[in-house]
Amino acid sequence: MTVPEQPPPIHRLDRSAVLQATLQAGLIGLPALLIGLLALRQPLLAGAASAAALFAALLFQMGARLPAYALGLLGVSLAGYAFLGKGYAYLGVPPLFIGEVALGLGLIGLVMAWARGARLVHTRGLVLLIALFILIGLGSTLPYVGKYGLNAIRDAAAWYYALFTLIVATLVVHLGRFRQVILRYGRVLPYFLLAAPFGFWITRLFEPSIPTWPISAQAILLVKGGDLAVHLAGVMAFLMLGLHRLAAPEHAQSARPLRRRTEWWWWGLWMISFASLLTGRASLVTVGAALACVLLLRPISRWGRPLFLAASMLLLLVVVDPRIKMSSGRELSLDGLLLNVQSITGDTGVSVVDGTRTWRLDWWRTITRYTVYGDKFWTGKGYGINLANSDGFQVDSEQTLRNPHSIHYSILARSGVPGLVSWIALNLVFAWSLLMAFFRARTAGHLVWANVHLWILAYWVALMTNASFDVFIEGPQGGIWYWSLLGFGIAALELYRRGEKV
């Protein structure tokens, strides 16, 4: 008996799949139709809309991995600022550069992390101080946007880059990337030491001939001595505290002997880079301040190697006594070094050395008069105005100088005394928290944590020292580094108080 042939089964449509397909088609088709219509009338605006749509599609595709990608992009950008200096800041399409892209992606990642329950419980006080600083800066910016336009937004980077602190602190803790960040810093370190002196001298000697970015038409490489000094100070503290000997668990046995053999080479490369900065007064103070921070707090038995290398470098300078005339009028020599050290505390009688010092002090006194003792006490002059022009201290024929050579006086001039007080309070609480965490970790025998806290503190000292003598935190190459370091320090405080290991 033959079984009758059964009709093929009827597959019912999955309504959820149909709905999802329809939604995807609408999300793709509708923007494409609108961009096509826009292209008929406004081609440039249509191009910008296409780029925005592509960016949105990429974000949609990243999904839950977006916080990790945001943290990764920020890490790449920090390396770019360290290697290329201010040149890396011009990567992008004006007025949207790589720093703003990293900030936007980071904020989206921050919101996603908050939605998943990420919280900074033990460092809530520092977070509130950052929020207060941002609010004061916002109040000093909004009234001037209509008058100064993009200049107000550009100058406001001094306070809105503080959002990087919240991004780094939250994402590093939420994703569990704290140890990984230290390991990757150690891996990049030798490459930075190799590239640092070349980047500095190429900028000094061949700046007009350096290739430019294709759209922004700005030089790809612009390494300033003060910026380089900050990172050399951070590297110095990292090596002195032995953090380069940390290794991933799977490489713990093989990595440590290798790094001990190469450590002397790293210190030699560091000395070569530092020798390039001997003509800069602020650079010497920056490295010296970070060195003093480490030497005052670390055990005396570990001073030997770096002090021996420093003494050897000084002896070599005395014997060789090199003399190289710089374009600024200063001389790279042992006498020039001594003049720079002398000029830190008083006049030297040499106009080339004393000139910039007197110019800074006069400008700072002017700012103090119209804020602390004047009618700008509560508000400052706001973000957007060119302070160099307004205060009568412009020295650039193209009027590119906008801020006094000190972040403290820049904030005082733009946000008044309330802005300066919030700025000082934020930094004092941060530094004090790291110092107390260092002592607690050392007393408890948590030596790795103690060294991490001290490294971050020394890096902060270097950043603050350079920012006190130059326009540094106001720009992306210094500002993003500074606020990201604060975020990493807050992550360290948070994780240590939770009782987690490095």
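I looked up the packing of helix α3 (residues 66–84) against helix α4 (residues 98–115), and found an angle of about 150 degrees with the axes 8 Å apart; axes are lines fitted to C-alpha atoms over the stretch in contact, and angles run from 0 to 180 degrees between N-to-C directions. That makes α3 roughly antiparallel to α4, the term applying to angles over 145 degrees. I noted that this is a predicted model, in which local features need pLDDT of at least 70 and side-chain atom pairs count only at pLDDT 80 or more, while totals for chains, interfaces and linings use all residues. Residues are numbered from 1 along each chain as its sequence is written, and side-chain values use heavy atoms, with hydrogens and water left out.

I then listed the contact (heavy atoms within 4.5 Å): α3 brings residues including Leu66, Tyr69, Leu73 and Tyr81, and α4 brings residues including Ile98, Val101, Leu105 and Met112. The residues of this contact divide into twelve nonpolar, four polar and no charged, where Gly counts as polar.

Gly85 follows α3 with a positive phi, near 65 degrees.

I turned last to helix α20 (residues 476–497), whose 22 residues reach 31 Å from first C-alpha to last, close to the 32 Å expected. Of its 22 residues, 21 are buried, and Gly499 follows α20 with a positive phi, near 85 degrees.

Technical notes
Helix = DSSP H or I, 4+ residues; strand = E, 2+ residues; numbered from the N terminus. Parallel < 35°, antiparallel > 145°, perpendicular 65-115°, else oblique. Expected span 1.5 Å × (residues − 1). Buried < 20%, exposed > 50% of the residue type's maximum accessible area, 1.4 Å probe, protein only.
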